[in-house]
Amino acid sequence: MYVLGIESTCDETAAAIVEDGRKVISNVISTSVKEQALYGGVVPEIASRRHAEYISATVDKALADANMTIADVDAVAVTFAPGLIGAVLVGVNFAKGLAYAANKPLVPVHHLRGHIAANYLTHQDLKPPFLCLVASGGHSHIVLVEDWCRYKILGRTVDDAAGEAYDKVARTLGLPCPSVAAAARDGNPKAYKLPVPHVEGKYNVSFSGLKTAVINEVHNAEQKGQGVNVADMAASFQERIDQILAKKLLAAAADTNAQQVVLAGGVAANGRLRQLVNDGAQKLGARVFLPELKYCGDNGAMIAAQGYYEFQDGNLADWSLNGLPTLPIDYR
């Protein structure tokens, strides 16, 4: 079964063809990231306009790269939530029009479910149940994936997402985003003593205070005319946030006796986080699954992959499908 996946929740306009939820036939991404960088972050209005400009050509290229036409596709999957609502609506409305015109089933896909499904493209033997940390610019969740389309949230951020904290710290340090990890390679992770935020809920996390601590450290140094060592601060921040994420995930893995531990989302590309989770999970006797770096960020292949399983589960949409800015991953 060939599924066309369309993704437009932030600043990547993406489309891909995936066979049976596992094999990537084509994967095309058009991005406005360089333009967004001029403003220090994603400007929703600009993102929406670029999606509208890019989406038709992006889908056309995904089909062309697969040597297919829309007639060869069995279903059209699209991210309908959560995300920047203007951006989401571009993808949803394009997918609805395309599916209607081609008389193809329309499959709604949750963005975080797509990030988790990116692992199915990398690991052909990965099957639920497994425990997954989904960490990105807008989300940080520890999720028990009970089945292909059944999820149980064990923990989450109570304020900022991990990726959001990374982005804000990068801007504070005057680094192009995302580049904290690159700067951290030359730094001392013990140079700055950053706080460990306390939060209710055994597996919940909080990053607002940690981000603020970095900002205050930088501002205090500037007021004294000193400045901070950027590499050392980047390394100290990265170590603290990755230790927090890994500790919470591994605690949940130990308590649930998880045999499979998975990372997903943009922050899953962070090398230090991968190392911490891999080392910790091995001590627990659990297998670790990490997505290929090219599938960590937003892409159409992950949406097509999850779209296949949503289709198999009977989760289809009619022409009234609307985009949503927020929606829990465990919606039914």
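Let me start with a pair of helices: helix 8 and helix 9 cross in a right-handed sense, and, as with everything I will show today, this comes from a predicted model. The axes of helix 8, residues 230-256, and helix 9, residues 271-284, come within 9 Å and cross at roughly 30°, and because angles under 35 degrees count as roughly parallel, helix 8 is roughly parallel to helix 9.

Now to the second pair, helix 2 and helix 3. The axes of helix 2, residues 44-65, and helix 3, residues 85-102, come within 9 Å and cross at roughly 30°, so that helix 2 and helix 3 are roughly parallel to each other, and their crossing is right-handed. The contact is made by Ser48, His51, Ala52, Ile55, Ser56 and Val59 of helix 2, together with Gly86, Ala87, Val90, Gly91, Phe94 and Leu98 of helix 3. By class, this contact of helix 2 with helix 3 has 7 nonpolar and 5 polar residues, with no charged residues.

What angle do helix 4 and helix 10 make where they cross? The axes of helix 4 and helix 10, the latter being residues 300-312, come within 7 Å and cross at roughly 95°, which means that helix 4 is roughly perpendicular to helix 10. Helix 4 contributes residues including His111, His115, Tyr120 and Leu121 to this contact, while helix 10 contributes residues including Met302, Ile303, Tyr309 and Glu310. The classes here are 9 nonpolar, 4 polar and 2 charged residues.

An open sheet of 5 strands has the order 8-7-6-9-10, with mixed pairing, and its edge strands, each pairing on one side only, are strand 8 at 150-156 and strand 10 at 287-289. From one strand to the next the twist averages 25°. Helix 4, residues 111-122, packs on this sheet and touches strand 6, strand 7, strand 8, strand 9 and strand 10, its direction making about 120° with that of strand 6. Within the sheet, strand 6, residues 130-135, and strand 9, residues 260-264, pair in the parallel sense over 4 bridges, and Leu131 stands opposite Val261 in strand 9.

A few backbone details deserve a careful look, given that most residues other than glycine have a negative phi, and most peptide bonds are trans. A cis peptide bond joins Ala81 and Pro82, with omega about -20°, and Pro82 lies in the loop between strand 4 and helix 3. The bond from Pro128 to Pro129 is also cis, with omega near 5°, and Pro129 sits in the loop between helix 4 and strand 6. Asp20, although not a glycine, has a positive phi of about 55°, and is found in the loop between strand 2 and strand 3.

Finally, the overall picture: the protein chain has 10 helices and 10 strands. Its radius of gyration is 20 Å, close to the 20 Å that the globule rule gives for 332 residues, so the chain is as compact as a globular protein of that length.

Methods: Residues are numbered from 1 along each chain as its sequence is written. This is a predicted model: local features need pLDDT of at least 70, side-chain atom pairs count only at pLDDT 80 or more; totals for chains, interfaces and linings use all residues. Side-chain values use heavy atoms; hydrogens and water are left out. Two strands pair if DSSP finds at least two bridges between them. Helices (H or I, at least four residues) and strands (E, at least two) are DSSP runs, numbered from the N terminus. Axes are lines fitted to C-alpha atoms, for helices over the stretch in contact, and angles run from 0 to 180 degrees between N-to-C directions. Contact means heavy atoms within 4.5 Å. Angles under 35 degrees count as roughly parallel, over 145 as roughly antiparallel, 65 to 115 as roughly perpendicular and the rest as oblique. A crossing is left-handed if the near helix is turned anticlockwise from the far one by less than a right angle, and right-handed if clockwise. Ala, Val, Leu, Ile, Met, Phe, Trp, Tyr, Cys and Pro count as nonpolar, Asp, Glu, Lys and Arg as charged, and the others, Gly among them, as polar. The radius of gyration is taken over C-alpha atoms; the globule rule is 2.2 Å times the number of residues to the power 0.38.
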